[in-house]
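Subject: Structure handover and notes

Hello,

Please have a look at it before you read on.

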Amino acid sequence: MENKLIELIKSSIKAKRNSYSPYSKFKVGAAILTKHGKIFAGANIECASYSLTICAERVAAVKAISSGELKFKYIAIATNKKQVAFPCGACLQFLTEFSSNLKVILVKSEKEYKIFDLKDLLPQNFVL
Ligand SMILES: [Zn+2]
């Protein structure tokens with residue numbers, strides 16, 4: 001695997017350290033590789049009012065978008081659980097907005113991961 005993807009996977013693992021998840025204890029880190037080769041990482045942020053919780057995927061995406069990076073190539077997602085976790089439906093829809101051809105890397109460890117096509121995870125997205 002090319003070095004940039006290894007760096008991306010490491011970034012997702014590192015990002016979960018900054019997870020704010022006192023309620024679920026479910027730490028998630030996500031890192032996005034943009035079309036221009038930049039990496040933006042984020043972690044999930046919970047709130048006492050549970051529905052205001054923001055997933056790591058959208059935190060990473062918002063950091064990229066607000067920095068002017070609107071096209072993504074890969075997103076790597078790591079958790080503190082033994083099994084990998086797929087992005088939730090809200091994140092799949094949000095990510096589709098910016099890159100329908102996105103590849104989703106579910107990270108178990110630096111050497112153990114699975115790659116999916118966003119289109120396979122959300123075959124029918126909402127479109128206006
Ligand atoms: Zn989500």
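A word on exposure before anything else: buried means under 20% relative accessible area, exposed means over 50%, and partly exposed is in between, with a 1.4 Å probe and protein chains only. The model is a predicted one, in which local features need pLDDT of at least 70 and side-chain atom pairs count only at pLDDT 80 or more, while totals for chains, interfaces and linings use all residues. Residues are numbered from 1 along each chain as its sequence is written, and side-chain values use heavy atoms, with hydrogens and water left out.

**Salt bridges**

The structure holds three salt bridges, a salt bridge being a side-chain nitrogen of Lys or Arg within 4 Å of a carboxyl oxygen of Asp or Glu. Helices (H or I, at least four residues) and strands (E, at least two) are DSSP runs, numbered from the N terminus.

Lys4 pairs with Glu7, and their closest N and O atoms are 3.9 Å apart. Both sit in helix α1 (residues 3-15), three residues apart, so about one helical turn separates them. Lys4 is partly exposed at 29% relative accessible area, and Glu7 is partly exposed too, at 40%.

Glu69 and Lys38 form another bridge, at 3.6 Å from N to O. Since Glu69 belongs to the loop between α2 and β3 and Lys38 to the loop between β1 and β2, this pair ties together parts that are 31 residues apart in sequence. Glu69 is buried, with a relative accessible area of 5%, whereas Lys38 is partly exposed at 43%. Gly37 is found in the loop between β1 and β2 as well; its C-alpha is 9.8 Å from that of Glu69, although 32 residues separate the two in sequence. Gly37 counts as partly exposed, at 27% relative accessibility.

Lys103 and Asp117 also meet in a salt bridge, at 2.5 Å from N to O. Lys103 is in strand β4 and Asp117 in strand β5 (residues 113-117), so the pair ties together parts that are 14 residues apart in sequence. Lys103 is partly exposed, with 29% relative accessibility, and Asp117 is partly exposed with 29%.

**Zinc site**

Which residues hold the zinc ion? Its protein donors are the SG atoms of Cys55, Cys88 and Cys91, lying 2.3 Å from the ion. Donors here are N, O and S atoms within 2.8 Å of the metal (3.2 Å for Na, K and Ca); water is not among the atoms, so sites may look incomplete. Along the chain the donors follow the spacing C-x32-C-x2-C. Cys91 is buried at 0% relative accessible area, while Cys88 is partly exposed at 31%.

**Nonpolar cores**

A nonpolar core is a set of buried Ala, Val, Leu, Ile, Met, Phe, Trp, Tyr and Cys residues joined through side-chain atoms within 4.5 Å. The largest one has 19 residues, and those with the most contacts inside it include Ile32, Phe72, Leu95 and Val104. At least two residues each come from β1 (28-34), α2 (56-65), β3 (72-79), α3 (89-98) and β4 (103-107). The most come from α2, which gives four. A second, separate core has ten residues, among them Ala31, Tyr74, Ala76 and Ala78.

Contact means heavy atoms within 4.5 Å. Leaving out residues up to four places away in sequence, Phe72 touches Ile32, Ala61, Leu95, Ser99 and Leu102, among others. Ser99 lies in the loop between α3 and β4 and is buried at 6% relative accessible area. Beyond its neighbours within four places, Ser99 contacts Lys71, Phe72 and Leu118.

In α2, the buried residues include Ala56, Glu57, Val59 and Ala64. The buried residues of this helix pack against β1, β2, β3 and α3.

**Surface patch**

Tyr20, Tyr23, Ile45, Tyr50 and Ile54 make up a nonpolar patch on the surface, with about 520 Å² of accessible area together. Patches are made of residues with over 30% relative accessible area and no salt bridge; like charges are joined within 9 Å and nonpolar side chains (Val, Leu, Ile, Met, Phe, Trp, Tyr) within 5 Å. Accessible areas come from the Shrake-Rupley method with a 1.4 Å probe, and for residues only the protein chains shown count as cover. Ile45 is in the loop between β2 (39-43) and α2 and is partly exposed, at 39%.

Best wishes
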